[in-house]
Amino acid sequence: MIVAIDGPAGSGKSTTARAVADRLGWLYLDTGAMYRAVGLAFRAQGLPFTDAAARTLLPGLDVRLHPHPDGTRVTLDGHDVTDGIRTAQAADDASQVSKLGPVRQAMVALQRRVADGQDVVVEGRDIGTVVFPGAEVKFFLIADLDTRASRRLAQSGGAQARGSDGGLAAFQTVRSALADRDQRDQSRAIAPLKAAPDAVVLDTTGLTIDQQVEHVLDAVRTASPG
């Protein structure tokens, strides 16, 4: 069975997908990490975000995800880049490379190979629409922009209160970056960010992670044969 969880940054899709996969004992596939790793490769080699550069880079690129008790580890050409891809710059680069046709084609093919013949929970931005349109369970997670910005700030270690001068400035920076990425992801010509027609749209603004997980698990139980 394929469980597809899509949504914008900060909607809770990664945390929810990991928890669902853990509860079910299934494979967790973080497609966003793949695009971040590719973006890291572009930046490391000083390449522009173009189709031509992608065609040069991709044939020799080795991106892999490794299940680990502390979460999925990501390697790029044999080097662990898990920490290096969890930055604001890496997120922005991922958004840039995900617009490129050669990158999309290569990553979708890899994602399908990884999931072949397995029960898997997959999260990303085009899972239910492009990568696995036949997924038995599809969710599209949303949340208001302020909530998503607060979550991202907390994830990055931002401890200052939004009401303080420094905290407010950091919050506005993160909020602006998320709004910019939303616009890029929703307007790109290839695999834009949008809910599949048959996806359950779940607003996580006022939900706890446990509540989000239960929504998905309930859908899995309903879809499971027997």
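In the hairpin of strand 3 and strand 4, 6 residues lie between the strands, and among the hairpin's residues G71 adopts a positive phi near 120 degrees. This is a predicted model, in which local features need pLDDT of at least 70 and side-chain atom pairs count only at pLDDT 80 or more, while totals for chains, interfaces and linings use all residues. Residues are numbered from 1 along each chain as its sequence is written, and side-chain values use heavy atoms, with hydrogens and water left out.

Let us stay with the strands for a moment. Strands (E, at least two residues) and helices (H or I, at least four) are DSSP runs, numbered from the N terminus. Two strands pair if DSSP finds at least two bridges between them. Strand 3 (residues 63-66) meets strand 4 (residues 73-76) in the antiparallel sense over 4 bridges. R64 has T75 of strand 4 as its bridge partner, and H66 stands opposite R73 in strand 4. Strand 4 also pairs with strand 5 (residues 79-80), again in the antiparallel sense, over 2 bridges. Here L76 stands opposite H79 in strand 5. The hairpin of strand 4 and strand 5 has 2 residues between the strands, and D77 in the turn shows a positive phi of about 55 degrees.

Now to the pockets. On a 1 Å grid over the protein atoms alone, a pocket is an open set of points with protein on both sides within 12 Å along at least five of seven lines, and lining residues have an atom within 4 Å of a point. Grid points are joined across faces, edges and corners, and the volume is the space filled by probe spheres set on the points. For the linings below, Ala, Val, Leu, Ile, Met, Phe, Trp, Tyr, Cys and Pro count as nonpolar, Asp, Glu, Lys and Arg as charged, and the others, Gly among them, as polar.

| Pocket | Volume | Lining residues by class |
|---|---|---|
| Largest | about 1,100 Å³ | 11 nonpolar, 15 polar, 15 charged |

The largest pocket is lined by 41 residues, and R36, R86, A91, R152 and Q155 are the closest to its centre. Elements that each supply at least two residues to this lining include helix 2 (31-44), helix 4 (88-97) and helix 7 (145-155). Helix 8 gives the most, with 7 residues.

Helix 5 (residues 101-115) has 15 residues and reaches 21 Å from its first C-alpha to its last, close to the 21 Å expected at 1.5 Å a residue; the expected span is 1.5 Å times one less than the number of residues. Among its buried residues are P102, V103, M107, L110 and Q111. After helix 5 comes G117, with a positive phi near 75 degrees.

Finally, the structure holds 1 aromatic pair. The ring centres of F42 and F49 are 5.6 Å apart and the planes stand at 35 degrees, so the pair is tilted. Rings of Phe, Tyr and Trp (its six-membered ring) pair if their centres lie within 6.5 Å; planes under 30 degrees apart count as stacked, over 60 as edge-to-face and the rest as tilted. F42 is buried, at a relative accessible area of 0%, whereas F49 is partly exposed at 27%. Buried means under 20% relative accessible area, exposed over 50%, and partly exposed in between (1.4 Å probe, protein chains only).

Note on methods:
1 Å grid on protein atoms, 1.4 Å probe; cavity = no way out; pocket = protein on both sides within 12 Å on 5 of 7 lines; lining within 4 Å.
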